[in-house]
Amino acid sequence: MPMAANDIETLIRAALPDAEIEIRDLAGDGDHYAARVVSACFAGLNRVKQHQLVYRALGSRMGGELHALQLETALPDGEEQ
């Protein structure tokens with residue numbers, strides 16, 4: 001069963017409460033999404049660690065309900081990596 005974009009956002013927000021989250025359905029099928037997640041929680045973390053935080057928030061849904069997620073992570077404007 002496909003996963004709704006708002007469910008993805010809810011899971012990410014539970015792990016990263018300050019996050020600004022944009023989600024796009026890439027194929028219109030509820031299985032292939034792109035997400036941009038901006039959070040101060042990423043400070044001091046390399047890109048791999050940032051992505052791991054997001055994937056951890058999605059848990060076992062990745063590869064199951066959520067087939068693919070194209071992920072972009074960033075710090076809020078004005079904050080340094």
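Me: In this predicted model, what is the relative accessibility of E9, and does E9 count as buried, partly exposed or exposed?
Reply: In this predicted model, a residue is called buried under 20% relative accessible area and exposed over 50%, with partly exposed in between. E9 therefore counts as partly exposed, its relative accessibility being 28%.

Me: At roughly what angle do the axes of helix α1 and helix α2 cross?
Reply: Two packed helices are described by the angle between their axes and the distance between the axes. For helix α1 (residues 5–15) and helix α2 (residues 47–58), the axes come within 8 Å, and the crossing is right-handed. The angle at which these axes cross is roughly 115°.

Me: How many nonpolar, polar and charged residues does the contact of α1 with α2 have?
Reply: On the side of α1, the contact is made by I8, L11, I12 and A15, while α2 brings V54, A57 and L58. Sorted by class, the contact of α1 with α2 has no polar and no charged residues, and its nonpolar residues number seven.

Me: Which residue meets E72 in a salt bridge?
Reply: E72 is placed in strand β3 (residues 68–74), and its relative accessible area of 43% makes it partly exposed. Leaving aside neighbours within four places in sequence, E72 is in contact with A35, R36 and V37. Of these, the residue whose side chain meets that of E72 in a salt bridge, at 2.5 Å from N to O, is R36. The pair links distant parts of the chain, 36 residues apart, with E72 in strand β3 and, in strand β2, R36.

Me: What separates the closest N and O atoms in the salt bridge of E65 with R61?
Reply: A search of the whole structure finds three salt bridges. E65 is partly exposed, with a relative accessible area of 37%, and R61 also counts as partly exposed, at 31% relative accessibility. In the salt bridge that E65 forms with R61, the closest N and O atoms are apart by 3.8 Å.

Key
Residues are numbered from 1 along each chain as its sequence is written. This is a predicted model: local features need pLDDT of at least 70, side-chain atom pairs count only at pLDDT 80 or more; totals for chains, interfaces and linings use all residues. Side-chain values use heavy atoms; hydrogens and water are left out. Axes are lines fitted to C-alpha atoms, for helices over the stretch in contact, and angles run from 0 to 180 degrees between N-to-C directions. Helices (H or I, at least four residues) and strands (E, at least two) are DSSP runs, numbered from the N terminus. A crossing is left-handed if the near helix is turned anticlockwise from the far one by less than a right angle, and right-handed if clockwise. Contact means heavy atoms within 4.5 Å. Ala, Val, Leu, Ile, Met, Phe, Trp, Tyr, Cys and Pro count as nonpolar, Asp, Glu, Lys and Arg as charged, and the others, Gly among them, as polar. A salt bridge is a side-chain nitrogen of Lys or Arg within 4 Å of a carboxyl oxygen of Asp or Glu. Buried means under 20% relative accessible area, exposed over 50%, partly exposed in between (1.4 Å probe, protein chains only).
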